[in-house]
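I opened my notebook to record what I looked up in this structure. The entries follow in the order I made them.

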Amino acid sequence: MTDLRIGHGYDVHRLAGGRKLILGGVEIPWEKGLLGHSDADVLVHAVMDALAGAARLGDIGKLFPDTDPAYQGISSLKLLGEVGRLLGETGFAVVNIDAALLAQAPKVAPYKAQMAENIAAALGIEAERVNVKATTEEGLGFTGDGSGMAAHAVALVERLSA
Ligand code: MG
């Protein structure tokens with residue numbers, strides 16, 4: 001019987017001046033960027049948590065503690081590659097990923113395909129297995145007033161070996 005496992009990831013980061021805005025591994029020109037220990041790529045963080053959840057690897061806080069200086073300013077795509085390696089090592093293959101960015105601005109539509117490609121490449125999977133979408137929250141809440149961004153992701157993985 002095919003052994004499929006699903007995982008969900010959710011993450012939030014604050015927006016601040018003087019930081020690069022990195023989403024799905026794409027640097028997007030914007031007046032603010034996300035605050036965090038790594039590059040604070042909220043979309044990739046949600047994807048990692050979804051994968052970690054599906055493969056029962058815990059969460060990214062456990063895998064990459066933000067108290068560890070090794071992860072200071074690190075590209076989240078590198079961490080995603082590490083999650084992919086751990087998945088393979090524990091006998092899981094990624095079936096597909098669907099990720100959603102919640103942000104009022106900037107418009108990210110022109111970058112979504114590149115984000116999906118970056119995520120797929122970091123995991124060594126086909127680009128058609130990854131979908132990236134974005135929505136505003138109609139000006140409501142912390143995404144609406146521009147104080148932060150959030151992301152959700154779901155991932156389906158298949159257990160290939162016990
Ligand atoms: Mg995070």
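First, a term I need throughout: helices and strands here are DSSP runs, numbered from the N terminus. A helix has at least four residues and a strand at least two. I also noted that this is a predicted model.

Entry 1: Five of them form an open sheet in the order 4-1-7-5-6, with mixed pairing. Strand 4 (32-34) and strand 6 are the edge strands, and each pairs on one side only. From one strand to the next, the twist averages 20°.

I found Leu-102 opposite Ala-150 of strand 7, and Asp-98 opposite Val-154 of strand 7.

Helix 4 came next. Helix 4 lies across strand 5 and strand 6, at about 140° to strand 6.

**Entry 2: the metal.** Which residues coordinate the magnesium ion? I found Asp-11 (OD), His-13 (NE2) and His-45 (ND1), at 2.1 to 2.2 Å. Along the sequence, these donors are spaced D-x1-H-x31-H.

Are Asp-11 and His-13 buried or exposed? The cut-off for buried is under 20% relative accessible area. Asp-11 has 16%, so Asp-11 is buried. His-13 has 13%, so His-13 counts as buried too.

**Entry 3: helix 1.** I checked the length of helix 1 (residues 42-54). Its 13 residues reach 18 Å from the first C-alpha to the last, close to the 18 Å expected. How many residues of helix 1 are buried? I read 12 of the 13, so helix 1 is largely enclosed by the rest of the structure. Among the buried ones are Val-44, His-45, Val-47, Met-48 and Leu-51. Just after helix 1, Arg-56 takes a positive phi of about 60°.

**Entry 4: the core.** I turned to the largest nonpolar core, which has 49 residues. Leu-23, Leu-51, Leu-80, Leu-87, Ile-97, Ile-119 and Met-149 touch the most other members. Elements giving two or more residues to this core include helix 1, helix 3 (76-89), strand 5 (92-102) and helix 4 (112-123). Which element gives the largest share? Helix 1 does, with 10 residues. As background, nonpolar side chains tend to be buried together in soluble globular proteins.

I followed Leu-80 in more detail. Leaving aside neighbours within four places in sequence, Leu-80 is in contact with Val-44, Val-47, Met-48, Leu-51, Ile-119, Ala-122 and Leu-123.

Entry 5: I found a cis peptide bond between Ala-105 and Pro-106, with omega about 0°. Pro-106 is in the loop between strand 5 and helix 4.

Ala-40 has a phi near 60°, a positive value in a residue other than glycine. I placed Ala-40 in the loop between strand 4 and helix 1. Its relative accessible area is 0%, so Ala-40 is buried.

Glu-138 likewise has a positive phi near 60°. I placed Glu-138 in the loop between strand 6 and helix 5 (141-144). Is Glu-138 buried or exposed? The cut-off for exposed is over 50%. Glu-138 has 69%, so Glu-138 is exposed.

Terms used: Residues are numbered from 1 along each chain as its sequence is written. This is a predicted model: local features need pLDDT of at least 70, side-chain atom pairs count only at pLDDT 80 or more; totals for chains, interfaces and linings use all residues. Side-chain values use heavy atoms; hydrogens and water are left out. Donors are N, O and S atoms within 2.8 Å of the metal (3.2 Å for Na, K and Ca); water is not among the atoms, so sites may look incomplete. Buried means under 20% relative accessible area, exposed over 50%, partly exposed in between (1.4 Å probe, protein chains only). The expected span of a helix is 1.5 Å times one less than its number of residues. A nonpolar core is a set of buried Ala, Val, Leu, Ile, Met, Phe, Trp, Tyr and Cys residues joined through side-chain atoms within 4.5 Å. Contact means heavy atoms within 4.5 Å. Two strands pair if DSSP finds at least two bridges between them. Axes are lines fitted to C-alpha atoms, for helices over the stretch in contact, and angles run from 0 to 180 degrees between N-to-C directions.
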